[in-house]
Amino acid sequence: MTITLVFMMVLGGIFYWQTREKSEIHELTTTPSASSLPARLSLNDQFRKDTGRNYADNQILWLEQKDLTGDGMYEYVVGMAKEREAPVSSYQWQIFASDGVRYYVVYNREEGLYQAPEFHQQADINADGKEEVVVTERECGAHTCFVEVFIVQWNGTKWVNLAEGIEAFPGIFELQDENEDGIQEVRMEGGLISSLGAGLQREVTLLYAYEGPMKGYALSRTEKKQNDIYFIMLDANEALRKKEWVKAGELAKMVLENPNMTDSGMAPERSRVRIVSYAGILAMISVVAQNSDDIGRAEQIRQQLEQYREGDNPYVEAAQTLLQIYEETKDVSKACSAMETKSLAGGEAVADFFESYGYAQERMNLMNICPLLKL
Ligand SMILES: [Ca+2]
Ligand SMILES: [Ca+2]
């Protein structure tokens with residue numbers, strides 16, 4: 001790529017010199033006077049002239065000029081470093097519009113801006129015929145940064161942020177047109193706080209779709225990464241609560257078949273045996289919920305759990321209780337409730353999956369060990 005470019009520049013240079021030697025050399029012998037040249041202001045100079053602002057070049061982080069309102073007059077979008085006051089710098093970004101006489105600020109963001117705002121694009125990203133300005137702000141705490149999204153447009157009456165409330169940590173922001181209908185969706189990837197005290201976490205992707213001028217961009221989907229048995233177990237539990245038996249069964253099976261799957265390596269052996277054997281229980285519930293006669297398959301899973309009868313793990317015993325009550329009553333809710341009562345009999349310390357949880361760690365309420373309606 002670079003080599004091609006250099007080659008083309010060399011070729012262009014040779015061509016220029018040949019042309020210049022043949023025809024242009026005489027015309028260029030006199031230099032036009034500076035006053036006869038049209039004023040060629042840089043964008044920064046034009047901006048300063050139009051707005052009457054005295055921002056120094058090195059204060060201006062980015063500057064864009066475009067007709068965002070469709071009235072034939074261009075607007076300015078500018079990101080600036082405000083006065084740098086030790087030990088923190090502060091920033092600002094603004095939209096300037098003209099009333100035909102002068103330029104004035106129509107949108108201003110400066111409060112709490114201690115990181116440089118990032119300009120992404122100005123285009124009609126939601127295919128409503130209006131231009132949007134896309135900017136992200138970043139706010140950082142001790143361990144993590146939050147990214148806030150601004151998709152600002154002139155809606156004909158006022159300047160509005162269509163992405164009001166879209167914020168994520170650490171927040172990788174992206175626009176994408178997933179279903180190729182010409183309307184861009186907002187994709188935020190994040191979910192991880194980088195401090196040890198935060199505990200086991202997983203990446204989460206939040207997708208926001210455009211839902212018209214009133215609602216703007218709204219959350220349409222959450223994708224949670226499934227790369228650790230702990231989180232897959234939580235998802236299997238949630239699926240059972242929603243009576244999604246097949247999905248729950250598949251997730252629980254994933255844990256049983258990949259008992260060492262961990263993203264962080266943080267789960268100690270004590271936690272691992274608890275997580276896997278509890279997932280076995282969820283698999284058993286899923287089996288009999290789908291087919292009340294399939295006690296044989298449930299028993300197979302229970303036997304498989306015997307290998308996790310270690311230390312004080314209560315879930316192998318609980319699986320046995322579940323199956324025993326189920327065989328007696330043929331009622332999965334009853335069996336599930338009885339199991340919960342038994343595995344929780346000794347309190348949280350008995351049923352907990354981790355000896356300690358991080359402050360940002362997803363957790364299941366221990367009252368939901370039985371994910372079915374309690375009887
Ligand atoms: Ca305009
Ligand atoms: Ca638009």
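I call a residue buried if 20 or more other C-beta atoms lie within 10 Å of its own, exposed if 12 or fewer, and partly exposed in between, with C-beta atoms placed from the backbone. Helices (H or I, at least four residues) and strands (E, at least two) are DSSP runs, numbered from the N terminus.

Housekeeping: this is a predicted model, where local features need pLDDT of at least 70 and side-chain atom pairs count only at pLDDT 80 or more, while totals for chains, interfaces and linings use all residues. Residues are numbered from 1 along each chain as its sequence is written, and chains are lettered from A and ligands numbered from 1 in the order in which they are written.

**Overview.** I counted 10 helices and 13 strands in the chain. Of its 375 residues, 31% come out as buried.

**Helix H5.** Which residues of H5 are buried? I get Ala248, Gly249, Leu251, Ala252 and Val255. Down the axis of H5 these fall within an arc of 170° (taken from the directions from the helix axis to the C-beta atoms), so they line one face of the helix. On the other side I find Val246 and Glu257 exposed. The cover over the buried residues includes helix H4 (229–241) and helix H6 (269–290), counting a contact when two C-beta atoms, placed from the backbone, lie within 7 Å.

**H7 against H8.** I looked up the axes of helix H7 (residues 295–305) and H8: they come within 9 Å and cross at roughly 160°. Axes here are lines fitted to C-alpha atoms, for helices over the stretch in contact, and angles run from 0 to 180 degrees between N-to-C directions. That makes H7 roughly antiparallel to H8 (the label for angles over 145 degrees). On the H7 side, Ala298 and Arg302 are among the residues in contact, and H8 brings residues including Ala319 and Leu323.

**H8 against H9.** Helix H8 (residues 315–329) and helix H9 (residues 332–343) have axes that come within 8 Å and cross at roughly 150°, so H8 and H9 are roughly antiparallel too. Leu322, Ile325 and Tyr326 are among the H8 residues that meet H9, whose own contacts include Ala335 and Met339.

**Asn108.** Last stop: Asn108 sits in strand S4 (residues 103–109). Is Asn108 buried or exposed? I note it as exposed, because it has 12 C-beta neighbours inside 10 Å.

Notes. Angles under 35 degrees count as roughly parallel, over 145 as roughly antiparallel, 65 to 115 as roughly perpendicular and the rest as oblique.
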